[in-house]
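Take a look at the model first, then read on.

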Amino acid sequence: MVGRALNTLKVVIIGAGPAGVRAAQTLVAAGVRPTVIDEGRRAGGQIYRRQPDNFTRSLETLYGTEASRAQGIHDTFDGLVDQIDYLPETLVWNISDGRVFAVSEKRETTIEYDALIICSGATDRLMPVKGWDMAGVYSLGGSQVALKSQAVSIGQRVIFMGTGPLLYLVASQYLKAGAGVVAVLDTSSFIKRVVAAPKLMSAPDALINGLKFTLALKAAGVPVLTGIRPLEITGDVESGVSGLIFETGAGEHREIKGDAVAMGYHLRPETQLADLTRCEFAFDEKSHLWYPKVDEDGRATTANVYLAGDGARILGARAAEVSGKLAALACLKDAGAPVLDNEIMALRQDMACWKRFATGLREAFPWPAEQAAKLPDETVVCRCEAITAGELRRTVNAMGAKEANRAKAFSRVGMGRCQGRYCALAGAEIIAAAAGIPVSEAGRLRGQAPVKPLPICIEDDEAAAAISTVRELTK
Amino acid sequence: MAPRFYRLAETGRKVVNLTLDGQPVAALEGDTLMVALLSAHGHLRRSEFGDGTRAGFCLMGACQDCWVWTEDGERLRSCSTAVSDGLNIRTNPPEVSWSDVL
Amino acid sequence: MSQSVNNQSDVIIIGGGLMGASAAFFLRQRNRSVTLLETGLIGQQASGVNFGNVRRQGRPLFQLPLAGRASPIWRNMNALLGEDVEYIQSGHMRVCYRERAELADSFETYAREARQYGLDLEILSGNALRQKFPFLGPDVYAGSYSATDGHANPRLAAPAFGRAAARLGANICENTEVVRAEKDGVDFRVTAKGGRVFKAPVLLVTAGAWGNALSEQFGEPVPLTPRGPNMSVTEPVPYTLMPTVGVSTPLEIETVYFRQIPRGNIIIGGSTRAASYPDIRRAYVKPENTLTQLREIRRLVPALGRLNIIRTWSGIEGYMPDSLPAMGPSGTTSGLYYAFGFSGSGFQVGPAVGDVMAELIDEGATTTPIEMYDIRRLKPVAV
Ligand SMILES: Cc1cc2nc3c(=O)[nH]c(=O)nc-3n(C[C@H](O)[C@H](O)[C@H](O)COP(=O)(O)OP(=O)(O)OC[C@H]3O[C@@H](n4cnc5c(N)ncnc54)[C@H](O)[C@@H]3O)c2cc1C
Ligand SMILES: Cc1cc2nc3c(=O)[nH]c(=O)nc-3n(C[C@H](O)[C@H](O)[C@H](O)COP(=O)(O)OP(=O)(O)OC[C@H]3O[C@@H](n4cnc5c(N)ncnc54)[C@H](O)[C@@H]3O)c2cc1C
Ligand code: FES
């Protein structure tokens, strides 16, 4: 793409969250007309998700302290719409040979690119617990979506369980909206937060907000317990959740009643698209996550592929904005456009600050890897295929599968509709614990297209033409 | 069965009528199909593998737990489908009628 | 799997796909000591990712004895191996389209001739066809139904053979890539990456699409082209499509086939195969081939258009110019045997290939005709 006139440069951005919006803005400012593809009906991404047009709640109600940032992203995007090619409600399902394969309304759109900026965001990170396959258990992020974009609560008496800043944020948003919050149960111990405090001070306002949420919950009389371990979500396979049994930090077993559980352990990156471009990945020992390898500015190991936002590193929404700009600048620089080095330097410094803050969060709210070994055999690990921890362990012990893809082939864990999004990370921990190996050795599930289910009735002119050409030739 | 979701705000919207397992369901314009169904009912479908009812999980189009069948045998991902008047949804797959070609 | 300190055995097998793993099993049944060397894990390549069709019909008539030898092994495999490989005798249906009605005549001829090999086929058209298979699209003209063919789970079959062979005492060395093989007096001397050396008077090469790298070392290079067929699988839906169905057509882009498993997923294969990459042990699905495949499956079973696919994959197949394998003794070196290059239809015959090779090695001859697969028929292409 070097030497190409910028106004002919074909850049495709996948994702219109904070990272994608800032990347688009940066490219447009340089004279590029990028194509922005997003599966959502409206731009904004995850945190700044917009409610339907006929809803009336204020930005403050929806986004709280982040209202002005949300406004900023939405306004920026709305201002760009004429200078970009925007494809909403369009899912990128595969990437191959410099082309993005996307589907919208059951029609294929294939787009060539010179450079690709993937800003695919994150989803909740989950650790199974017995009973989490029952109706009424939702991911923490899902419980927030219910409230934010639909103004509903997932139940009348909601138990929030897991760890991470989102746990307190969503519980307090529920409380404020008038929903019933039964308890907030955090698997991380309080002392971890104290130890991580200096790193969390790199974003003091975020830290203070976090403290405020906890105080608000406590002031409302919601029990907030730390250092717990969930044992079982109770209920009935027909009628769904009725409560949760857990072990307190002091080791007692307790049961609380509720008709919904919102659970999550911070986030995991959406990396299938990066994988499909054949990027290399590396294991991050500290978070137990596999990340695509990127350089400081977001260049992936595959030429002309750039990664930004939570899909590249879980660093939060504000860092996503910064990394989106950086990735776009890296792309412009590689295309031979004049890019100011001090602009890049300043953005890199911002990123360093967010990285330090994210390290603090990770240390304060660690992924409870140790739970995997303790899950009872009858716990469902793969919700899609209803495969239990016992079945997964059997493939390790009796069939010798000590690697995630191998265990998937034998057990089906990761073979369901969600493509392993919700079971793969915990599955790897279970495999590692059963095999007595470090989780890095259990590896990661290779990404496979389609990124999400693809309708068989998809219409594609190219495919139709290819088939009729061959038929004509042989007549 | 008791509903699973409870409305907290935005209740003044226009009513949209749909059917779930033959019963009428009144939803609101702007609802996702999932919210419409679960504001009236406890689940969306049954797990194919016998471990009970399911009511979605992620609400953001990632887990694929919320696919429902229409009476005509179409598949819809309920958390990312907007409701529309007259939708006829089933929590169990309809009898396959193979001669009923698309 | 067990690692023996002793690197000497009666037979060394290079390549742990279905061919190598079943050969190891049957050689152990014949009390031959066996070392099986595999670059990766048993059954991780073509044998582990294929479509899973266990069909005899449609194969060249001269291959039916081999295919027929495989049938009872498939039927008894769970008992034989002590594990469930999910084999189902679901029936297999081969159909042609109206615009190629002449193929229906060839189905008739094939059915007549195949009967002599013990393969019973029923030709169906018109109402009989629609009644039995109401899901087939209007373009489908006629079909040939084999009630005794079926399908199995490829992810399980070869590994199950490997484990059963290990239980019988085979020395199975995974993560062991052979880089050199030579004959050193009486024994073959086989060197793995990292320097480990194995010795045996008999060497069997079952290295799939990688076979040429070994046969070449014995002066028998072969023209193997690596390709990768496209596979897709749907979400689970109620189990109603019993038989495996495949379209017979001379146009690769039009080929399409499917099978449903009792859990409900429908596995779809077919349309233009892409290149595949033995050197990096990967095969990628080209999205454009998925799109033509989905178009063609709608033609075969229009109602499938309502479903979604949730995953696609491919695998590495090695094709000879005549699509037949190299199977039998070497033409240059005594004690050396080959069974590789099985192209797109090696899964069904796999267990029989292992059985025949074990017989050949053990007894010096086999009752199943295999002369047509002799490696000497193949001339390497000049590059
Ligand atoms: C459920 C959830 C709730 C969160 N809530 C908060 C919060 O309240 N506060 C907070 O600080 N942080 C929150 N976070 C974290 C926050 O979302 C991120 O830090 C921030 O949104 C990251 O921005 P991004 O641009 O990287 O990705 P996102 O904002 O997630 O945007 C990614 C976009 O990419 C699109 N996309 C992905 N894959 C494809 C594809 N294949 N085809 C087409 N489009 C695609 C998505 O539709 C999405 O719009 C939350 C995260 C999640 C998952
Ligand atoms: C996608 C796909 C669909 C198919 N569908 C069907 C079907 O429906 N029905 C059917 O009958 N057939 C089908 N086939 C074909 C069938 O899978 C193959 O013909 C068969 O599995 C070949 O078995 P194999 O053991 O020869 O090869 P493989 O399974 O490829 O095994 C060869 C092994 O040798 C190992 N190896 C290679 N070189 C070395 C070395 N130097 N040292 C150590 N190890 C080495 C490799 O790692 C590999 O594991 C399909 C194939 C593919 C790829
Ligand atoms: S609830 Fe997860 S995809 Fe709809």
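Helices (H or I, at least four residues) and strands (E, at least two) are DSSP runs, numbered from the N terminus.

A word on the source: this is a predicted model, where local features need pLDDT of at least 70 and side-chain atom pairs count only at pLDDT 80 or more, while totals for chains, interfaces and linings use all residues. Residues are numbered from 1 along each chain as its sequence is written, chains are lettered from A and ligands numbered from 1 in the order in which they are written, and side-chain values use heavy atoms, leaving out hydrogens and water.

Over all chains, the structure holds 79 salt bridges. Arg383(A) and Asp65(B) form one at 3.0 Å, N to O. Arg383(A) is in the loop between β22 (380–382) and β23 (387–388) of chain A, and Asp65(B) is in the loop between β5 (53–54) and β6 (67–70) of chain B, so this pair joins two chains. Both residues are buried.

In chain C, the side chains of Arg299(C) and Glu99(C) pair up at 3.5 Å, N to O. Arg299(C) belongs to helix α9 (residues 287–300) and Glu99(C) to the loop between β4 (92–97) and α5 (102–115), so the contact ties together parts 200 residues apart in sequence. Arg299(C) counts as buried at 13% relative accessibility, whereas Glu99(C) is partly exposed at 45%.

## Helix α10 of chain C

Of the 18 residues in α10(C), 16 are buried. The helix has a kink of about 30° centred on Ala352(C); the bend is the angle between axes fitted to the seven residues ending at a residue and the seven starting there. Just after α10(C), Gly364(C) takes a positive phi of about 80°.

## An exposed phenylalanine

Phe190(A) is in helix α6 (residues 190–200) of chain A. Phe190(A) is exposed, with a relative accessible area of 52%.

Notes. Buried < 20%, exposed > 50% of the residue type's maximum accessible area, 1.4 Å probe, protein only. Salt bridge = Lys/Arg side-chain N within 4 Å of Asp/Glu carboxyl O.
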